[in-house]
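Welcome! Open your viewer, get ready to select a few side chains, and follow along stop by stop.

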Amino acid sequence: FFVSLLIINTLGNNSKAAIEAIGYITKVCSDCEIINICSENINNCEGCYHCLLVNPGLCRIKDDFEKIDKLFMKCDNLIFISKTTFDFIDFQTKKILERFLPIVTFFSEYRDNELRNIRRYKKNYSFGIIYEGEADREYINYWFERASSQLGATCLGVYPISETKELIKCIC
């Protein structure tokens, strides 16, 4: 099966802000899948490059991320719903984003006037973040544009949770 949008919620199942944002998103974009990662066992990327060098495309860590990865491979758009800590996205969102490293290869090319890893798959992905809390939006957006580009994805931007509708306009 295919879904147009994968939502990864790091705010938790009981977060009023997440419930409202997800409610709006699912009303506007019916073809989506939601993962609440607070109840999942997901380890940090170890930076071992096993997914690039030893067993290309596959992370050696066996945990609940495999479920996310399978859903991710069947979607075009990915939205994180994230908390902020110290004016930046929370560790859960950053951890998940880092685990997507296997979607690129070890080889590089010049893209956007910078050296970037070559995408493993021909599929075009789009990433966006909706965040709750105080944050340096300009800095997070700059960082997220670079992270998305490194993974061969289009950055849809970074939006406070109160601007969820603005991000969804880019997708649905």
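The tour below goes from the nonpolar cores to the salt bridges and then to the cysteines.

This is a predicted model, in which local features need pLDDT of at least 70, side-chain atom pairs count only at pLDDT 80 or more, and totals for chains, interfaces and linings use all residues. Residues are numbered from 1 along each chain as its sequence is written, and side-chain values use heavy atoms, with hydrogens and water left out.

**Stop 1: the cores**

Start by selecting I8, I68, F72, I96, F100 and F127, the residues with the most contacts inside the largest nonpolar core, which has 32 residues. Such a core is a set of buried Ala, Val, Leu, Ile, Met, Phe, Trp, Tyr and Cys residues joined through side-chain atoms within 4.5 Å. Buried means under 20% relative accessible area, exposed means over 50%, and partly exposed is in between (1.4 Å probe, protein chains only).

Now keep F127 and show what is around it. Beyond its neighbours within four places in sequence, F127 has contacts (heavy atoms within 4.5 Å) that include F72, L97, F144 and L156. Apart from this core lies another, of 19 residues, with A17, A21, I81 and I171 among them.

**Stop 2: the salt bridges**

How many salt bridges are there? The count is nine, taking a salt bridge as a side-chain nitrogen of Lys or Arg within 4 Å of a carboxyl oxygen of Asp or Glu.

Select R60 and E46, whose side chains meet at 2.3 Å, N to O. R60 sits in the loop between α2 (50-54) and α3 (65-72), and E46 in the loop between β2 (32-36) and α2, 14 residues apart. Helices (H or I, at least four residues) and strands (E, at least two) are DSSP runs, numbered from the N terminus.

Next, pick E109 and R111, with their closest N and O atoms 2.7 Å apart. E109 is partly exposed at 32% relative accessible area, while R111 counts as buried at 18%.

Then move to E163 and R137, a salt bridge of 3.1 Å, N to O. E163 lies in the loop between β8 (153-160) and α6 (164-169) and R137 in helix α5 (residues 137-150), so this pair ties together parts 26 residues apart in sequence.

**Stop 3: the cysteines**

A search of the whole structure finds zero disulfides, a disulfide being a pair of cysteine sulfur atoms within 2.5 Å. End at C155, where the nearest cysteine sulfur, that of C170, is 9.7 Å away.
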